[in-house]
Structure formats: C-alpha cells, structure tokens
Amino acid sequence: MGLFFNYDKPGPGVEKDGPKKRGVFLFLELLWRKLGKIFLSNMLYVLVSLPVILLYHFLCFYFLSAIMPAEIVGNSTVINQLTLILTALLTIFWGTGPVSCGYTFLLRNFAREEHVWLVSDFFEHIRKNFKQSLIIFVIDIVVLVSGVNSIYFYFNMSGQYPMLRYLAYFMIAAMIIYTFMHFYMYEFLITFNVKVKDVFKNSLIMAFASAPINVFLVIFVVVATYMFFSILTPIAILLVTFLFWVSLMRFCIDFSSARKIKKELIDKVNKESDE
C-alpha cells in the first residue's frame, strides 16, 4: 500500500523502555493513561463542534419524524432519546468537518504515544486543514441527505416496483462503506499532504482493506451507544455526550486507524528509504 502519497507531517514517536504491549492490552493501557486528556478533548470537541452537532440533530429528528410511527413521534421523550442517539452516532462516525482535523490529531497522537498540546495543536490543525475538511463536510451533508432520502423513497416505492428494494439495499451498503471511510479520512488529512480526491480514494481502499475491524468497530459503537443511552434521560444523554462519550467511542476507532496507517504506510516507507 505504498501507492498513497508523499508525506512530511508525522513526527517521530517516543520509544519507552521495557517490552511493548500490543493489541487490546496496549489499547486499555493507553485508554487508562490518557483518560483525563481524552475527556478534556471530548469537551473541547463538542463545544467547538456545537453548530454542526445541532445540524445533525435537526437532520436526525427530521428523518425519524418521517419514518417512525405516529405514536413514537408523538412521544417526546422517546423521539428525543432516539434523535440524540443518532446524533451521537453520526458525530462519532462521520465527524464534524474542520473541527475533526484538530480532534483527530489529538486522538491520533494519544494512540501513537506522541506528544500533543491539547488546545494549541487542536486549533492549529483545524486551521491547517480547514479548506479540505470543509469540502469533505459539505460532501458529507449532501451524501447524508440524498442517501437517506433515496433509501426511504426506494423502500416506499418497492411495493409497486419490487426491484427498487434491491436499490435500497445497495444504498444502505454504500452508506455503511462511506461510514468506514470516515475512520481514515481525517487521519489522512492530518498525516499527509494530500488532495481531497486522494483522501476519498485512499480512504475507500482502507475501508475495504480493514473491513473486518471496521465492521467490528461499527457494531461495537452502535450497540454500546444504544444500550447505554437507552437507559438515560435526554438530559443525561446530553451531559454524557459532552463529558466523555464521543471520545471514548472515537478513541477505539482512531486507535485502530492511526496505528494501521502508521504500520502500513509510514513505517513501510521509512523502511524502504533506509534500505
């Protein structure tokens, strides 16, 4: 996978004495060691992303109101709870445009055990990648609105035209793959000097190349979020989302994607250059 791009953004990691943990043991150790910073980054991210999160909330409420039975839509507690769950999932999986560049830089460095200044690095990488990430965010909104409306339309019309049901399934599969791509999009932006079209192309490659772990992460985050949020009131969901939940879930994703990119791209290129 050395076909990707030239890079000059990543810095050297800090090697620690003693044997290195791997896999889930390393993840748990880093999660515990970086827990305070992960929570602080969560609050910073949610605060700065608030306009985008409110947009997601509006879109999720609109979609649910269109597809849910009238008795559920009429129950304000239930519809608000479902809307908040979907909003949180969308924020975790798709990010919030330019703000996700700064946020991903923090989580990437936590995952790779590299130094980071929480506030200054956060805003610096928003600024550095603002234009490209804004384009990605606009594309995201177009894909989200058109994709969900297409699925809704195809299922509604499938009673008259049964073949449209297969188009609906295709669109669902495409939206899932597009979600997988978001595990790598902002990682590529902050790590490499790359054009937007290359971000999409190489994120698509990584989405398929790492399909098993991507599927696992989506299932884990969806199930964990639904089970935890379903026992909370809407106010409690808002508080938990602001304090720690987005970063707790997103760190699982960025731990995997950051280390995958480093192993498959950066380390291999460095090894080849040494040879």
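This is a predicted model: local features need pLDDT of at least 70, side-chain atom pairs count only at pLDDT 80 or more; totals for chains, interfaces and linings use all residues.
## Overall fold

The chain contains twelve helices and zero strands, and its pattern, followed along the sequence, is α-α-α-α-α-α-α-α-α-α-α-α. Of its 275 residues, 47% count as buried.

Contacts can also be sorted by how far apart the partners lie in the sequence. Among the contacts in the chain with a separation of 6 or more, 79% are accounted for by residues 24 or more positions apart.

## The pair H8 and H9

Two packed helices are described by the angle between their axes and the distance between the axes. For helix H8, which covers residues 130–157, and helix H9, which covers residues 164–191, the packing angle is about 165° and the axes are 9 Å apart. Because an angle over 145 degrees counts as roughly antiparallel, H8 and H9 are roughly antiparallel to each other.

The crossing of H8 and H9 is left-handed. Sorted by class, the contact of H8 with H9 has 20 nonpolar residues, together with five polar and two charged ones.

## Helix H10

Several residues of H10 are buried, including Val-196, Asp-198, Val-199 and Phe-200. Further along H10, Asn-202, Ser-203, Met-206 and Ala-207 are buried as well. As background to such a list, an α-helix has 3.6 residues a turn, so residues three or four places apart point the same way.

## Thr-91 in helix H5

Thr-91 belongs to helix H5, which is made up of residues 76–94. With a relative accessible area of 3%, Thr-91 falls under the 20% cut-off and is therefore buried.

When the neighbours within four places in sequence are left aside, the residues in contact with Thr-91 are Tyr-45, Ile-53, Tyr-56, Thr-96 and Val-246.

## Glu-113 between H6 and H7

Glu-113 is found in the loop between helix H6, residues 98–111, and helix H7, residues 118–128. Its relative accessible area is 8%, and Glu-113 is therefore buried, being under the cut-off of 20%.

The backbone at this position also deserves a mention. Most residues other than glycine have a negative phi, whereas Glu-113, although it is not a glycine, has a positive phi of about 60°.

How values were computed:
Residues are numbered from 1 along each chain as its sequence is written. Side-chain values use heavy atoms; hydrogens and water are left out. Buried means under 20% relative accessible area, exposed over 50%, partly exposed in between (1.4 Å probe, protein chains only). Helices (H or I, at least four residues) and strands (E, at least two) are DSSP runs, numbered from the N terminus. Axes are lines fitted to C-alpha atoms, for helices over the stretch in contact, and angles run from 0 to 180 degrees between N-to-C directions. Angles under 35 degrees count as roughly parallel, over 145 as roughly antiparallel, 65 to 115 as roughly perpendicular and the rest as oblique. A crossing is left-handed if the near helix is turned anticlockwise from the far one by less than a right angle, and right-handed if clockwise. Ala, Val, Leu, Ile, Met, Phe, Trp, Tyr, Cys and Pro count as nonpolar, Asp, Glu, Lys and Arg as charged, and the others, Gly among them, as polar. Contact means heavy atoms within 4.5 Å.
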